[in-house]
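User: I'd like to learn how to read helix packing, domain contacts and chain contacts in a model. Can we go through them one at a time?

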Amino acid sequence: MNNKGFNLHDALFIGFCATLLVALKGMLRLKLGLSGHSMFLMSFFYLICYGAVGKNGAISLCGLLAGMMAMTLGIGKGGPLLLLKFGLPAIAMDICLLLLPSLLALKWRCIILALVATIAWASKGLIEGLLVGLSAQVVALQFAKSLLFGSLFALLAAMLVPPVLERLRSHDLIDREEI
Amino acid sequence: MALVRLSQIHFNFQTAAQPLFEDLNLTIAPGECHLIHGYTGCGKSTLLKLLLGILERPWEGEREIAEGATLGVVMQDPNVQLLRQTLGAEVAFALENLGVASNEMLLQVRSALRRVGLYISLDTPIASLSLGQRYRLMIAAQLVLEPDLLLLDEPWAQLDDQGVAELSAVLNQLKQQGVALLIVEHHRGVFKDLVTHRWQLSQGKLHGVAPAQAEASPSQECWRESPAWPQGEAVIDSHGFTLAFHERQKLFDAESLLLFPGEIAALVGDNGCGKSTLLKSLAGIQADIDPLGIKVFGKKPKLGRFGADLALLHQRPSRQLFENTVIEEIQFSLRRFGLPLEWAIELLGQLGLTTLARHSPHTLSYGQQHLIALASLACFRPKLLLLDDPFAGLDEHFTSKIVALLLELSRQGTAIVVASHRPIAELPIDRLWRVADARLECFGMATACEKQAYSRVG
């Protein structure tokens with residue numbers, strides 16, 4: 001990871017990932033009744049953004065951009081909390097990247113980042129529960145459930161990311177030797 | 001005064017063993033026409049990118065452009081460069097982006113089209129233009145920006161003789177108006193009247209080439225002294241057909257069409273005469289055409305019917321490349337048809353492309369992509385191989401390698417159809433299918449000789 005600022009190529013990728021995440025969420029409007037399925041798209045696009053741009057703050061920017069777009073377009077429930085919903089996992093990923101050894105294989109980095117994002121995403125539910133005055137046991141149960149199901153979807157997305165990045169690289173769309 | 005100057009350019013791709021450019025120098029002045037030759041994959045298109053300032057990877061050296069000078073480019077494949085649906089909109093595209101007022105825009109668009117000799121309506125759909133007209137349209141779309149230097153990437157390979165003549169006339173006119181030209185081209189015998197400087201790009205440097213070395217013989221078909229052909233049942237068999245799109249004008253009529261195992265047929269005709277449509281029809285993948293009375297392997301052509309028996313190489317090789325590396329690309333079909341994967345490595349070695357095995361096929365040059373796409377079809381040894389302009393973008397070295405490969409396949413019993421704008425002198429053929437004046441005529445060696453003698457007497 002370097003931090004030389006974003007160029008046009010990076011900006012396009014960040015915008016592309018944020019837009020596609022919000023657009024797909026808006027179009028599909030999945031009502032699967034499965035807790036945590038939103039972590040699939042979120043982890044996938046944040047990790048693609050990380051792989052394609054590879055600079056500090058790229059994922060946070062993507063998350064905040066997606067949150068603002070979702071808030072403006074009214075995609076999902078939550079009003080201003082949408083910013084938190086999209087932003088929190090992204091910021092958590094970026095913080096984790098500061099500590100994560102870059103020598104770790106890309107697949108493992110993606111898995112760790114996806115799990116960290118799930119913890120941040122589940123924490124949002126925890127905060128909401130406590131704010132509305134649910135009992136500690138109920139909040140803890142909901143948190144555990146979100147963490148379990150969210151992790152499953154996030155892991156699935158993390159496994160898909162390396163081959164997609166490899167394909168982007170073979171088409172010369174990204175130029176990172178470590179991919 | 002120099003318009004563009006490249007000094008001591010050093011560049012190499014990260015994965016390449018040797019630098020692509022090493023101490024490369026080039027100076028271009030107004031009104032000059034530089035022609036650069038070079039083997040397939042030597043860096044001709046990369047040099048154009050470097051001149052345009054769009055080479056993203058780091059390079060060393062100096063690139064000086066005269067103050068206020070504008071550069072225009074005409075790429076190898078018009079289908080990549082043309083963006084809009086109609087002629088006028090395409091030429092106006094750059095002006096629209098510059099915010100030019102619409103009344104001024106119209107004048108500039110008309111002026112640019114006049115300069116390239118396109119006197120047709122601005123609403124003409126681009127799809128209805130011939131390839132020669134599309135090339136002139138691409139030049140017009142550059143001329144609205146008043147370029148001082150125009151770069152052209154291998155125009156000869158894509159154009160028929162009429163298209164080359166049209167393009168030469170336009171370029172000559174531009175040169176007289178003081179526009180500098182830089183053309184990269186494999187073929188040594190073209191644009192002779194235009195060229196002021198001729199170069200050979202090899203070992204990372206530009207070496208001057210004398211015009212006498214640059215002469216080349218004209219293309220003429222070469223007949224094969226065939227052994228006892230035909231053998232076995234016909235691979236392609238028709239007793240007359242008309243090739244036409246639904247509810248549209250026909251492309252051509254044909255009296256009969258025959259091809260036997262091991263034979264090589266050359267399908268020759270100008271741009272837009274229907275060569276690609278015929279090949280796709282033979283493969284059963286052409287939609288919107290009237291039913292054809294052609295049988296391939298005794299059956300009506302249909303998508304997916306022939307499996308490993310039939311292979312088609314498209315005119316744009318990038319359309320059929322999809323894997324991450326060259327070796328994976330070639331092994332894809334072998335894996336699909338349960339054939340030994342070692343055949344891919346053997347074939348790469350035979351073509352001298354082993355060094356490209358781990359490269360991405362998507363980042364290779366046009367010529368190299370053609371080679372890889374062809375190799376990925378030849379490796380599973382189909383019974384019928386349909387090739388649409390397979391020699392485009394290839395130098396003499398790789399042309400001879402491909403000819404050797406095709407002859408070997410032919411000896412193993414593969415029937416081959418090779419479509420091109422002009423006969424390929426290096427490839428010995430058994431049948432010539434010539435499309436002219438909306439008719440497909442078939443010749444064998446004897447009939448072609450008779451016709452030539454007749455035309456000489458006539």
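User: Let's start with a pair of helices: is the crossing of α3(B) and α5(B) left-handed or right-handed?

Analyst: Some ground rules before that. This is a predicted model, where local features need pLDDT of at least 70 and side-chain atom pairs count only at pLDDT 80 or more, while totals for chains, interfaces and linings use all residues. Residues are numbered from 1 along each chain as its sequence is written, with chains lettered from A and ligands numbered from 1 in the order in which they are written.

Now the general idea: a crossing is left-handed if the near helix is turned anticlockwise from the far one by less than a right angle, and right-handed if clockwise. For α3(B) and α5(B) the crossing is right-handed.

User: What angle and axis distance go with α3(B) and α5(B)?

Analyst: Two packed helices are described by the angle between their axes and the distance between the axes. Axes are lines fitted to C-alpha atoms, for helices over the stretch in contact, and angles run from 0 to 180 degrees between N-to-C directions. The helices themselves are DSSP runs (H or I, at least four residues; strands are E, at least two), numbered from the N terminus. Here α3(B), residues 87-98, packs with α5(B) at an angle of about 35°, the axes being 7 Å apart.

User: Which residues make that contact?

Analyst: Contact means that the C-beta atoms of two residues, placed from the backbone, lie within 7 Å. From α3(B) you get L87(B), E90(B), V91(B), F93(B) and A94(B), and from α5(B) L137(B), A140(B) and A141(B). By class that's 7 nonpolar, no polar and 1 charged. The classes: Ala, Val, Leu, Ile, Met, Phe, Trp, Tyr, Cys and Pro are nonpolar, Asp, Glu, Lys and Arg are charged, and the others, Gly among them, are polar.

User: How are α11(B) and α12(B) oriented to each other?

Analyst: Helices α11 (366-378) and α12 (396-411) of chain B pack at about 15° with axes 12 Å apart, so α11(B) and α12(B) are roughly parallel. Their crossing is left-handed. Contact residues include L371(B) and L374(B) of α11(B), and I402(B) and L405(B) of α12(B). This contact has 7 nonpolar, 1 polar and no charged residues.

User: And in chain A, how do α1(A) and α3(A) cross?

Analyst: The axes of α1 (8-28) and α3 (58-73) of chain A come within 9 Å and cross at roughly 40°, which is why α1(A) and α3(A) count as oblique. The crossing is right-handed. Among the contact residues are G15(A) and A18(A) of α1(A), plus C62(A) and A66(A) of α3(A). The classes come to 13 nonpolar, 3 polar and 1 charged.

User: How is chain B divided into domains?

Analyst: Domain bounds come from an automatic or database domain assignment. Chain B has domain 1 (4-208) and domain 2 (236-455), whose centres, taken over C-alpha atoms, are 30 Å apart. In contact are 20 residues of domain 1 of chain B and 18 of domain 2 of chain B. On the domain 1 side, α5, α6 (155-158) and α7 (161-176) of chain B each give two or more residues, and the largest share, 3 residues, comes from α7(B). That side has 4 nonpolar, 12 polar and 4 charged residues.

User: How many residues of chain B touch chain A?

Analyst: 4 residues of chain B are in contact with 5 residues of chain A. The chain B side has no nonpolar, 4 polar and no charged residues.

Terms used. Parallel < 35°, antiparallel > 145°, perpendicular 65-115°, else oblique.
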